[in-house]
Amino acid sequence: MEDIGRLCTREVVSIDAQASLRDAAALMREEHIGALVVVTGDQPPQVAGIVTDRDLALEVLGKRPDETCADLRIGQLVKTPPIVIPSNATVSEAIMSMERSGVRRLLVVADDGGVVGLVSSDDLLEALSQEFESLARALRSGILREKTERPVVPGPARTRLVYPAFGTVAVQ
């Protein structure tokens with residue numbers, strides 16, 4: 001299984017915390033992404049958090065349907081610093097971190113704390129599905145090998161139960 005640094009999306013799109021919600025939504029649309037890393041205006045910029053399309057929908061449209069959102073800044077949607085995971089972490093560690101924190105995305109960082117990328121639950125599902133596919137191929141290969149290496153040995157005739165369609169009685 002690969003480490004998170006190899007699985008993560010390395011093209012992280014960031015936005016200044018003072019940007020408008022409209023600018024954030026437009027950037028997500030232009031980049032075809034569902035999350036932005038929100039950064040401060042400091043030099044160098046500091047990561048304030050991650051804002052997702054879900055945050056925009058639930059926190060803004062869902063909570064403030066009658067309010068004007070023109071004065072809100074994207075940084076105001078950031079509730080906590082992002083949950084980070086080292087780039088050499090395993091998929092299992094990333095899953096446990098997501099479970100503990102109740103998040104769907106983790107910020108992947110290098111040993112020096114620099115941002116490497118973002119890893120989402122979708123990325124982890126894809127990695128796990130590839131592992132399961134490999135396991136299924138290994139099982140099929142084992143069955144094929146067994147069939148060729150272990151020919152059927154004739155033996156005494158045995159009664160074989162045949163089960164009919166569900167709900168009817170089995171016959172011998």
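1. Contact, as used in this note, means heavy atoms within 4.5 Å. By that rule Ile 50 touches Ala 35, Leu 36, Asp 55, Pro 82, Leu 107 and Leu 118, with residues up to four places away in sequence left out. Ile 50 is part of strand β3, residues 47-52; helices (H or I, at least four residues) and strands (E, at least two) are DSSP runs, numbered from the N terminus. Ile 50 is buried, at a relative accessible area of 17%. Here buried means under 20% relative accessible area, exposed over 50%, and partly exposed in between, with a 1.4 Å probe and protein chains only. Leu 77 is 27 residues from Ile 50 along the chain, and their C-alpha atoms are separated by 8.9 Å.

2. The structure is a predicted model, in which local features need pLDDT of at least 70 and side-chain atom pairs count only at pLDDT 80 or more, while totals for chains, interfaces and linings use all residues. Residues are numbered from 1 along each chain as its sequence is written, and side-chain values use heavy atoms, leaving out hydrogens and water.

3. On the overall fold: the protein chain has 5 helices and 6 strands. Their order along the sequence is α-β-α-β-β-α-β-α-β-β-α. Of the contacts with a separation of 6 or more, 50% join residues 24 or more positions apart.

4. On overall dimensions: the radius of gyration of the protein chain is 26 Å, whereas a compact globule of 172 residues would have a value near 16 Å. This radius is taken over C-alpha atoms, and the globule rule is 2.2 Å times the number of residues to the power 0.38. The C-alpha trace spans about 85 × 45 × 30 Å along its principal axes. Buried residues are 28% of the 172 residues. The chain exposes about 12,400 Å², of which carbon and sulfur atoms supply 53%; accessible areas come from the Shrake-Rupley method with a 1.4 Å probe, and for residues only the protein chains shown count as cover.

5. The segment after α5 contains Phe 166. This residue counts as exposed because its relative accessibility is 87%. Phe 166 and Ile 15 are 151 residues apart in sequence, and their C-alpha atoms are 59 Å apart in space.

6. How many salt bridges are there? The count is 5, where a salt bridge is a side-chain nitrogen of Lys or Arg within 4 Å of a carboxyl oxygen of Asp or Glu. One of them joins the side chains of Lys 79 and Glu 59, at 3.4 Å from N to O. Lys 79 lies in the loop between α3 (53-61) and β4 (84-86) and Glu 59 in helix α3, so this pair ties together parts that are 20 residues apart in sequence. Lys 79 is exposed at 61% relative accessibility, but Glu 59 is buried at 18%.

7. Another salt bridge is made by Glu 149 and Arg 145, at 2.9 Å from N to O. The two residues are 4 apart in helix α5, so about one helical turn separates them. Arg 145 is partly exposed, at 42%. Glu 146 also forms a salt bridge, with Arg 150, and the closest N and O atoms of that pair are 3.4 Å apart. Glu 146 is partly exposed at 40%, and Arg 150 is exposed at 55%.

8. Asp 123 deserves a separate point. It lies in helix α5, residues 121-149. Asp 123 is buried yet has no salt bridge, and Arg 105, the nearest side chain of opposite charge, is 7.6 Å away. For charge, Lys and Arg count as positive and Asp and Glu as negative; His and the chain ends are not counted. Leaving out residues up to four places away in sequence, Asp 123 touches Leu 7, Thr 9 and Leu 118.

9. Which residues form a nonpolar patch on the surface? They are Phe 132, Leu 135 and Leu 139, with about 350 Å² of accessible area together. Patches are made of residues with over 30% relative accessible area and no salt bridge; like charges are joined within 9 Å, and nonpolar side chains (Val, Leu, Ile, Met, Phe, Trp, Tyr) within 5 Å. Leu 139 is in helix α5 and counts as exposed, at 54%.

10. Two backbone details remain. The peptide bond from Gln 43 to Pro 44 is cis, with omega near -5°, and Pro 44 sits in the loop between β2 (35-39) and β3. His 32 is not a glycine, yet has a positive phi of about 55°. The loop between α2 (21-31) and β2 holds His 32, which is exposed at 74%.
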